[in-house]
Amino acid sequence: MISKENIMRTVGLKLESLVFTASIAKIIRKYQELSISQIKQIVLNNEYVFKCDIICANGIRTILHIKGDLSKEGIISYIYADGKLTNEEYLNNLLASYKQTENQVETEINREALLEDE
């Protein structure tokens, strides 16, 4: 039996169209070291052009950057979290939540360090 803890929760970006273009390849290669043929297969197979663990802030930022770059070229893309359609606001809220948690942890560590020094 597989426990929920062992399942990676993902967030990813898919393209609306299954048509491969040089613009798509250029944008994807800006963020990942993939061959043109790999990118073409990803597009034609309707796979994620980029995906990461849902708790990976850098990966989420990359998805937002790729989506923005694609949009500037008129290429429509969609964000999925755990296989369900979502939006940029959701990812931005996740990033804000992660930053808040990071700040809380840092504050707590500093507080504990001060108590040990006394």
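Trainee: Which residues of helix 3 are buried?
Mentor: A few ground rules come with it: this is a predicted model, where local features need pLDDT of at least 70, side-chain atom pairs count only at pLDDT 80 or more, and totals for chains, interfaces and linings use all residues. Residues are numbered from 1 along each chain as its sequence is written, and side-chain values use heavy atoms, leaving out hydrogens and water. Buried means under 20% relative accessible area, exposed over 50%, and partly exposed in between (1.4 Å probe, protein chains only). Helices (H or I, at least four residues) and strands (E, at least two) are DSSP runs, numbered from the N terminus. In helix 3, the buried residues are G59, I60, T62, I63, L64, I66, K67, D69 and L70.

Trainee: Why does V11 count as buried?
Mentor: V11, in strand 1, counts as buried because its relative accessibility is 0%. Contact means heavy atoms within 4.5 Å. Beyond neighbours within four places in sequence, V11 has contacts including I60, I63 and L91.

Trainee: What is the nearest side chain of opposite charge to K14?
Mentor: For charge, Lys and Arg count as positive, Asp and Glu as negative, with His and the chain ends not counted. A salt bridge is a side-chain nitrogen of Lys or Arg within 4 Å of a carboxyl oxygen of Asp or Glu. K14 lies in strand 1; the nearest opposite charge is E47, 8.8 Å away, and the buried K14 has no salt bridge. The K14 side chain does reach the backbone oxygen of N46 at 3.3 Å.

Definitions and conventions
A polar contact is a pair of N or O atoms within 3.5 Å; within protein, one must be able to donate a hydrogen and the other to accept it, and residues adjacent in sequence count only if both atoms are side-chain atoms.
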